[in-house]
Amino acid sequence: MSENKYYFCDELNNVLTCFHNKIMSCCSGQDGPIYMRNYKGQKIDWNYFWTIKENAFRLMTDENIHQLPCKDCFFLREKKLSDVISPKYKVLHISNWTHCNCGCIYCARMKDSKGKIDTRVRRSDYYDMLPFLKQLYKQELLDRENLYVNIQGGDISVLKEFEPIVKECLKQGVRDFFILSNNIKYQPLIKTLISMDMATFVTSLDCGTRDLYYKLKRVDKFNDSVANLRKYASGEHPERITVKYIVIEHFNDNFETITNFINLMSDIGIKNVEFMIDNKYVNQTDLPETPKPPLHYKDLYLHFKNLCNQKNINLIVWSKLQNLIDTYLLKDNLSDT
Ligand SMILES: C[S@@+](CC[C@H](N)C(=O)[O-])C[C@H]1O[C@@H](n2cnc3c(N)ncnc32)[C@H](O)[C@@H]1O
Ligand code: SF4
Ligand code: SF4
């Protein structure tokens, strides 16, 4: 009898990720199988996608896993008898454009736009999502009742297709969305979705003052962003909103800026905040070794957590970052060197 151990990945089974330059299995930060590079809107050969998926699962054994780029991924788990490879997708990541009306100094997407901030609303430079979505529906490849649609970008504020995509999804029966936006532009559809408990809305404010916002984001839109948050949070289901604080060295890596942020969140009535650090310290898949975060981030994290407790705000920390905090920053034997 074979001793071979079999693995399974729910991401590979359920997720379809549409980036501007590739269509692949799992979302950013992972190295999963790629279905197609440089898609330009042509008709898709779905059987080819299925073959790639099946082959990847076939290689998920002790003997063969080393052939897969995802061999070290934390999503891999031992296969159970009940695990069946599905042709349908339950999670659709839409990130097919890179335009943005903001200029965060830490954003990798800024490289695509060569740092240019452009507020024009327009189509993706790469391919449109709506016809792609319709192909998926026609082929019955989306598990409509259980579908979770995640929209990232670029920013939705400048994507012409944003509302049509959401409306098409609603027409097809989608009941849950995850929407990331810089929140510079008020979107009535987002307010409706949050109020109906149909969307998780996440934005990165990273500060609590207009001056610092301008330094971090290079647009003077702090007041708009705060006003929009107040509108979204004043409706039903404010618990579906999360505001991030991304620690950026020499900008907002101190107690005062964190205190300003948490005080503002409390004032607006935000229920969830996320502590994040520049992902160059967490998730650098294209570098041989990820650099370690500065040691004072430990105190920032503890200060942040403490304030959240005081203000009764739920603190979210991405599992990879929590692991880094626990195993590196909070490790007992760390010296101050
Ligand atoms: C590329 S953005 C797209 C969505 C939208 N424009 C926004 O900013 O929310 C996706 C997410 O990555 C985060 N992000 C971008 N650069 C980052 C960095 N260097 N470190 C950590 N998070 C980053 C953003 O804050 C945002 O939550
Ligand atoms: S194992 Fe990891 S990298 Fe591979 S498909 Fe799954 S989530 Fe993606
Ligand atoms: S708002 Fe989002 S896409 Fe735009 S620059 Fe900032 S992080 Fe990048």
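Which residue of β11 is the bridge partner of Lys244? I started my notebook with that question. I was working on a predicted model.

**Entry 1: the strands**

I looked up Lys244 and found Glu274 in β11 as its bridge partner. I then checked how the two strands run. β10 and β11 pair in the parallel sense, and I noted six bridges between them.

Next I asked what links them.

Asn272 has Asn314 of β12 as its bridge partner.

**Entry 2: the faces of β11**

Which residues of β11 sit on the covered face, and which on the uncovered one? Strand β11 spans residues 272-277. I listed Val273, Phe275 and Ile277 on the covered face. Asn272, Glu274 and Met276 make up the uncovered face. The general rule is that side chains in a regular strand alternate between the two faces of the sheet.

Two residues from Entry 1 came up again. Glu274, the bridge partner of Lys244, is on the uncovered face. Asn272, which bridges to Asn314, is on the uncovered face too.

**Entry 3: ligand 1**

I turned to ligand 1 and its shell. I noted 18 residues around ligand 1. The closest are Tyr106, Asp155, Leu180, Ser204 and Asn279.

Which strands each supply at least two residues of this shell? I found β9 (199-204) and β10 (241-247). By class, I wrote down seven nonpolar, seven polar and four charged residues. Domain 1 and domain 2 each give at least three residues to the shell around ligand 1.

**Entry 4: ligand 2**

I repeated the look-up for ligand 2. Its shell has 12 residues. Cys9, Cys26, Gly32, Cys70 and Cys73 are the closest. The classes are seven nonpolar, three polar and two charged.

**Entry 5: the two domains**

I finished with the division of the chain. Domain 1 runs over residues 1-180 and domain 2 over 212-337. Their C-alpha centres are 26 Å apart. How many residues does each domain bring to the contact? I noted eight from domain 1 and nine from domain 2. On the side of domain 1 that touches domain 2, I recorded five nonpolar residues, two polar and one charged.

Key: Residues are numbered from 1 along each chain as its sequence is written. Chains are lettered from A and ligands numbered from 1 in the order in which they are written. This is a predicted model: local features need pLDDT of at least 70, side-chain atom pairs count only at pLDDT 80 or more; totals for chains, interfaces and linings use all residues. A residue is near a molecule or strand if its C-beta atom, placed from the backbone, lies within 6 Å of it. Helices (H or I, at least four residues) and strands (E, at least two) are DSSP runs, numbered from the N terminus. Ala, Val, Leu, Ile, Met, Phe, Trp, Tyr, Cys and Pro count as nonpolar, Asp, Glu, Lys and Arg as charged, and the others, Gly among them, as polar. Domain bounds come from an automatic or database domain assignment. Two residues are in contact if their C-beta atoms, placed from the backbone, lie within 7 Å. A residue is buried if 20 or more other C-beta atoms lie within 10 Å of its own, exposed if 12 or fewer, and partly exposed in between; C-beta atoms are placed from the backbone. Two strands pair if DSSP finds at least two bridges between them.
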